Amino acid sequence: MIDYISQNLWLFWTVITFLCLIMELSSGDFYVTCFAIGAIVSILAAWMGLPFWLQIVVWAVCSVLSIWLIRPHLLHIIKHGADDRVSNADALLGQVGEVSQCIVKGGYGRVKLDGDDWKAEAPSALEDIAEGAKVKIVGRESIILKVEEIVR
């Protein structure tokens, strides 16, 4: 068995490649992928008949070069646009809700939005905002929405 592997080192590097790719599935940071890229290059070195110690050097050098040159591009592709997405309460900004409890001038009320009922205030309102009125969410402070009435 060892004689077979020593005469077919490309098989050893193929196993290493697949193990690295399987391990990458649990990490997601592309470091292990770079080691798999180094192993792929080492498969080529094994096919050319280079000694095992030189194949290891090729694997190490190619892995480090992959981390330095390829990994940043992979991360950029995966995380492209991720910073533009809003989540949680920030996703409410700009949406339109309905007043479920009168928002008194200088005080608070409640706004129903997407099935949830939020505490809200209308700091720029000149008068109370009646129940059933449509309001636009223009900001938030903690879990209190800042709204403006939509004038029809």
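## Disulfides and cysteines

A disulfide here is a pair of cysteine sulfur atoms within 2.5 Å. By this rule the predicted model has zero disulfides. Cys34 is in no disulfide, and the nearest cysteine sulfur, that of Cys20, is 10 Å away.

How accessible are the cysteines? Cys34 has 0% relative accessibility and counts as buried. Cys102 has a relative accessible area of 30%, so Cys102 is partly exposed.

## Annotated regions

The UniProt record, an unreviewed entry, lists a "transmembrane region" at residues 6–23, 30–47 and 53–70. In the model, residues 6–23 are 94% helix and 0% strand. The end C-alpha atoms of that stretch are 25 Å apart. Residues 30–47 are also 94% helix and 0% strand, with end C-alpha atoms 26 Å apart.

The unreviewed UniProt entry also lists "domain: NfeD-like C-terminal" at residues 89–148. Over this range the chain is 0% helix and 52% strand. The end C-alpha atoms of residues 89–148 are 17 Å apart.

## Helix α3

Helix α3 covers residues 31–47, which makes 17 residues. From first C-alpha to last, α3 reaches 25 Å. That is close to the 24 Å expected at 1.5 Å a residue. Just after α3, Gly49 takes a positive phi of about 85°.

Which residues of α3 are buried? Among them are Val32, Thr33, Cys34, Ala36, Gly38 and Ala39. Further along α3, Ser42, Ile43, Ala45 and Ala46 are buried too. An α-helix has 3.6 residues a turn, so residues three or four places apart point the same way.

What do the buried residues of α3 pack against? Their partners are α2 (9–27), α4 (52–69) and α5 (71–78).

## Ser63 in helix α4

Ser63 is found in helix α4. Is Ser63 buried or exposed? Its relative accessible area is 1%, and the cut-off for buried is under 20%, so Ser63 is buried.

The side chain of Ser63 reaches the backbone oxygen of Trp59 at 2.7 Å. Beyond its neighbours within four places in sequence, Ser63 is in contact with Cys34, Phe35 and Gly38. Two of these, Cys34 and Gly38, are on the list of buried α3 residues.

How values were computed: Residues are numbered from 1 along each chain as its sequence is written. This is a predicted model: local features need pLDDT of at least 70, side-chain atom pairs count only at pLDDT 80 or more; totals for chains, interfaces and linings use all residues. Side-chain values use heavy atoms; hydrogens and water are left out. UniProt positions are given in the numbering used here, feature names are shortened, and annotations may be inferred rather than shown by experiment. Helices (H or I, at least four residues) and strands (E, at least two) are DSSP runs, numbered from the N terminus. The expected span of a helix is 1.5 Å times one less than its number of residues. Buried means under 20% relative accessible area, exposed over 50%, partly exposed in between (1.4 Å probe, protein chains only). Contact means heavy atoms within 4.5 Å. A polar contact is a pair of N or O atoms within 3.5 Å; within protein, one must be able to donate a hydrogen and the other to accept it, and residues adjacent in sequence count only if both atoms are side-chain atoms.
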